[in-house]
Amino acid sequence: MTAPAGRLLALALFLTSSTSFAIEQWADGRAVLHSCLYASSYEAEVRMSYRNLTLPWGTSVYLVHGWGGFNNGVAFDWDDTQTLAVPASAPWTWAVTFRKTTSTRSSPKWYEQLQYVWKVVLPDGSVFYEKGNDSAWGYYSADLRDIAQRPCTSDDNFIGPPFALGITSVVKN
């Protein structure tokens, strides 16, 4: 094989193999128990990141999210739905960090999942939703139960390391 042919083959293999890595996402989070003596509430801090190497410059990304959990033992989805503009954090990468009280001492309601889709607005104004499946109402779910430590603090500071959150694609028609 000649040197130019070998380089061309290597480039073709790289492009073929790297297309499967064109879209990726990750989530990490940490949680604290506020008011060490009274145990008043748990709060989570979540960082969501999205990378898509196929998107053109000028693309805007939004995180449309809600919370899933239980209220008096009854499961619920998409509570407190919000849309956040996600700033670019690196080339082709967007990331946002936010906080949410996940349970309080005085309520039988608690959150276990962050449920979300990525809303992608291309420079020409067209929109698509990245949700990991082709179902009509599908979405991603990040599991807050993966936060292994929930230290106690008596102020608004978060202590301890963030933990990777497991992400699943939920099919819903």
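pLDDT is the predictor's confidence in each residue, from 0 to 100. This is a predicted model, in which local features need pLDDT of at least 70 and side-chain atom pairs count only at pLDDT 80 or more, whereas totals for chains, interfaces and linings use all residues. Residues are numbered from 1 along each chain as its sequence is written, and side-chain values use heavy atoms, with hydrogens and water left out.

Begin by colouring the chain by pLDDT: the mean is 88, and 87% of residues reach 70 or more. Next select residues 8–20, where pLDDT stays under 50 and the model has 1 contact (heavy atoms within 4.5 Å) beyond four places in sequence. Where pLDDT is low, the predicted coordinates should not be read in detail.

Then select Val46, Met48, Leu63, Phe98, Leu114, Tyr116 and Trp118, which have the most contacts inside the largest nonpolar core, a set of 26 residues. Such a core comprises buried (under 20% relative accessible area, 1.4 Å probe, protein chains only) Ala, Val, Leu, Ile, Met, Phe, Trp, Tyr and Cys residues joined through side-chain atoms within 4.5 Å. Centre on Val46: among the residues touching Val46, not counting those up to four places away in sequence, are Phe98, Leu114, Leu144 and Leu165.

Asn72 has a positive phi of about 55° although it is not a glycine, and is exposed (over 50%), with a relative accessible area of 60%.

Finally, select Trp78 in strand β4.

How values were computed:
Helix = DSSP H or I, 4+ residues; strand = E, 2+ residues; numbered from the N terminus.
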